[in-house]
Amino acid sequence: MAGAGGAEGIAGAGSAEGTEGRAAVSERRLHPVTPFRRAWAPIAVLAGWAVHDPDGAQQQLARLTTTMLLLGLAVLVPVAGLYGFLSWWFTHYAVTDTELRIRTGLLFRRTAHIRLERIQAVDVSRPLLARVAGVAKLRIDVVGTDDKDELAFLGEREARALRAELLARAAGFAPETAREVGEAPAHELMRVPPRALALSLVLTGATWGSLCAALVVPTVLWLTTHNLWSVLATALPLFGAAGASSAGRFAGEFDWKVSESPDGLRIDHGLLDRTHETVPPGRVQTVRFVEPLLWRRLGWVRVELDVAGSANSVLVPVAPRPIAESVVARVLHGVTVPQEQARPPRRARWCVPVWWRGHGLAVTDTVFAARHGLLRRRLSLVPHAKVQSVRLSQGPWQRLWRLADVHVDTGADKTVKACLRDAQEAARLLHAQAERSRTGRRDARPDRWMTSG
């Protein structure tokens with residue numbers, strides 16, 4: 001289980017956890033296959049040592065005889081199995097009237113208390129081997145934390161039932177009815193065809209750039225050094241990066257489906273490892289339309305998100321712009337994506353030659369929209385209600401040409417910047433945006449769910 005980033009409190013073995021609550025709450029264990037997953041921890045430690053000090057590891061292995069290796073395996077395998085079993089045996093979880101409680105630890109007991117009303121999303125992940133075993137991993141996304149707590153592994157049916165119960169409780173259902181509510185119905189908004197996904201990767205410059213680097217750099221290194229180990233040490237990471245930007249991304253975004261439900265937008269994807277994620281629309285701070293150069297002729301865009309306290313970052317991997325905008329309309333209610341953005345004044349070319357044309361700005365009644373990029377365009381939309389602060393910056397060269405940048409900070413610790421604006425326009429925008437943010441927060445919808453239970 002990952003560290004309890006969303007824990008409201010951490011208690012040691014000797015702390016009082018409430019005798020009455022413990023007696024009334026039924027604690028449950030993880031699925032029996034979990035020990036096999038956790039048994040790899042001691043082996044992973046040895047592998048990490050070998051990678052950290054390969055020369056020392058090679059010397060140690062050279063000194064060992066076949067008999068010593070067999071004896072070592074005879075000791076290591078039972079120790080790893082015992083570690084996995086004990087780790088599973090001393091891990092329990094329970095849902096009380098107010099919190100999800102997760103207890104772990106053999107020597108050092110640790111209890112994570114996750115307040116139900118602070119849960120903003122619960123994701124279900126099923127890696128390939130977990131799908132074969134019929135189990136799933138539950139990841140709990142909590143307001144105000146970066147790391148997600150995990151329950152790995154649960155039976156698939158148990159994971160879905162627990163997810164539905166946690167979301168129902170977070171949405172306000174009473175404890176006695178939350179288990180009966182079941183998973184909220186979902187309406188499919190869009191699905192990405194595998195052919196379109198594959199073509200989008202072929203038309204992405206990063207795919208070809210990483211592949212060229214993986215082919216050219218090791219070749220040049222070999223011609224200059226003739227050192228095989230240096231070539232392998234360079235080639236393997238480069239080919240790994242090339243695979244991650246093409247085949248890995250295709251496998252991760254395969255069969256991408258976006259659906260709408262009362263608990264948020266649901267995203268299902270994955271070829272080998274299937275993932276079921278939830279995006280609470282009220283927690284979305286920024287929406288970005290990414291438009292690579294070779295996609296424009298086809299009218300395709302990629303939609304990315306900044307979600308407060310969450311790692312969810314992709315909403316739509318590739319789709320025609322009208323479809324993508326219709327999905328964004330379900331995330332940012334009442335928002336219309338600006339089709340035109342005002343360019344900086346022509347004198348901005350003296351600060352940023354050529355590339356100044358890639359910047360743009362549009363401010364509507366609902367969003368602050370800033371565009372940047374000439375070859376790979378990015379249009380960032382920030383709802384006024386999500387703006388935490390507004391800043392103006394102006395370097396000495398910009399002062400000479402009467403230009404300034406306006407920075408808009410969001411609740412996801414991100415910044416959207418309108419670059420190379422006229423200095424007087426930037427000053428007016430600074431004060432007007434501060435006022436729009438105040439009124440936007442006052443009229444904003446609830447942060448967590450589309451609809452309340």
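A nonpolar core is a set of buried Ala, Val, Leu, Ile, Met, Phe, Trp, Tyr and Cys residues joined through side-chain atoms within 4.5 Å. With that in hand, let's look at this predicted model.

**The cores**

The largest nonpolar core holds 35 residues, and those with the most contacts inside it are Val284, Val287, Phe289, Val303 and Leu315. Several elements each supply at least two residues of this core: the helices α9 (194-202) and α12 (321-331), together with the strands β11, β13 (284-291), β14 (300-307), β15 (314-320), β17 (367-372) and β18 (377-383). Another core, of 23 residues, lies apart from it; Leu100, Ala112, Val142 and Leu166 are among its members.

Back in the largest core, Val284 is one of the residues with the most contacts inside it. Leaving out residues up to four places away in sequence, Val284 touches Val279, Leu305, Asp306, Val307, Val331, Leu332 and Lys386.

**Strand β11 and its partners**

Why is strand β11 (residues 264-269) described as largely enclosed by the rest of the structure? Six of its six residues are buried, so the rest of the structure largely encloses it. β11 also pairs with two strands, β10 and β12, as set out here.

| Pair with β11 | Bridges and sense | Residues between the strands |
|---|---|---|
| β10 (residues 257-261) | five bridges, antiparallel | two residues, hairpin |
| β12 (residues 274-279) | five bridges, antiparallel | four residues, hairpin |

To find these pairings on screen, start with Lys257, whose bridge partner in β11 is Asp268. In the turn between β11 and β12, Gly270 has a positive phi of about 120 degrees.

Notes:
Residues numbered from 1 in each chain as written. Predicted model: local features only at pLDDT ≥ 70, side-chain atom pairs only at ≥ 80, totals over all residues. Heavy atoms only, no water. Buried < 20%, exposed > 50% of the residue type's maximum accessible area, 1.4 Å probe, protein only. Pairing = 2+ DSSP bridges. Contact = heavy atoms within 4.5 Å.
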